[in-house]
Amino acid sequence: MTHPSSSAVDRKAMRSGFRLDLGRCVGCGACALACRIENGLPPGVSWRRVLQVNESRVGGGPTYHLSVACHHCENPPCARACPSGALGKQDSGLVLLDPDRCLGCRYCEMACTFGAPSFDAGSGLMTKCHLCSHRLDQGEAPACVVACPTKALDFSFPDGGEGAAEEGEGPGADPFIPAVDSPGFLDPSGAGPGFWVAPPLGGIREEWFARLLKLMGGEREGADEES
């Protein structure tokens, strides 16, 4: 099996998941549309969403966009909640759903803090992102990654497929930090999401992002002192 490779890879993130460059994502939704077309998703079922942070532009602050899907977590709460064993983490790191074992009980949907599993009312079963595993088997990148016009979205796959960006540009370049260490992204269940973001560079967005990171650091230091 062969996979796309990048000459500029974040070697600290040898896990399945996605990377997003916050300085490049413009919130166009091409990734979500490509996912829907590639996987033939019916109405009401969505595996990828584009969220707008600071949508009302509170305080004149900058606006960010987060393109999110299943994060193929290290400790997926969806799999823990599934009573039939339909959901499981594979050796590749992908969290996959076996539709033949799915009961449609929607427990995984309730357990996932990121809203990744999506219920298909037509089939009565759950569905979710599988990182376009059928494309990975053919050595191709996920449809959402290929469709991104600004190269903001990239992916990581442990079997040699750490993204498709060119060296020095796009998400193949440093720096990337875990999304849980960035402003506005929480992991209350301790799932350990496979999602990394690159902070925006230049202008007010970089300034505010750095300010928010500093505030987060102060809050964490205070919490450590109290404990």
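**Charged pairs, a strand and a sheet**

A: Start with R24, which is partly exposed, with a relative accessible area of 28%. Keep in mind that this is a predicted model.

Q: Which residue does R24 meet in a salt bridge?
A: The partner is D21, at 3.6 Å from N to O.

Q: And is D21 buried or exposed?
A: D21 is buried, because its relative accessible area is 12% and the cut-off for buried is under 20%.

Q: How many salt bridges are found in the whole structure?
A: The search finds six. One of them joins R211 and E207, with the closest N and O atoms 2.9 Å apart.

Q: Where do R211 and E207 lie?
A: Both are in helix α6, residues 203-226, and they are four residues apart, about one turn of the helix. Salt bridges with shared partners also link E38, R135 and E140 into one network. Within it, the closest N and O atoms of R135 and E140 are 3.7 Å apart.

Q: Changing topic, where is H65 found?
A: H65 is in strand β3, residues 64-68. It is buried, at 16% relative accessible area.

Q: What is H65 in contact with, leaving aside neighbours within four places in sequence?
A: Its contacts include L20, L22, V50 and L51.

Q: Now the open sheet: what is the strand order?
A: The order is β8-β1-β10-β9, with mixed pairing. The edge strands are β8 and β9, each pairing on one side only.

Q: How does β9 join β10?
A: Two bridges join them, and the strands run antiparallel. I177 has V197 in β10 as its bridge partner.

Notes:
Residues numbered from 1 in each chain as written. Predicted model: local features only at pLDDT ≥ 70, side-chain atom pairs only at ≥ 80, totals over all residues. Heavy atoms only, no water. Buried < 20%, exposed > 50% of the residue type's maximum accessible area, 1.4 Å probe, protein only. Contact = heavy atoms within 4.5 Å. Pairing = 2+ DSSP bridges. Salt bridge = Lys/Arg side-chain N within 4 Å of Asp/Glu carboxyl O.
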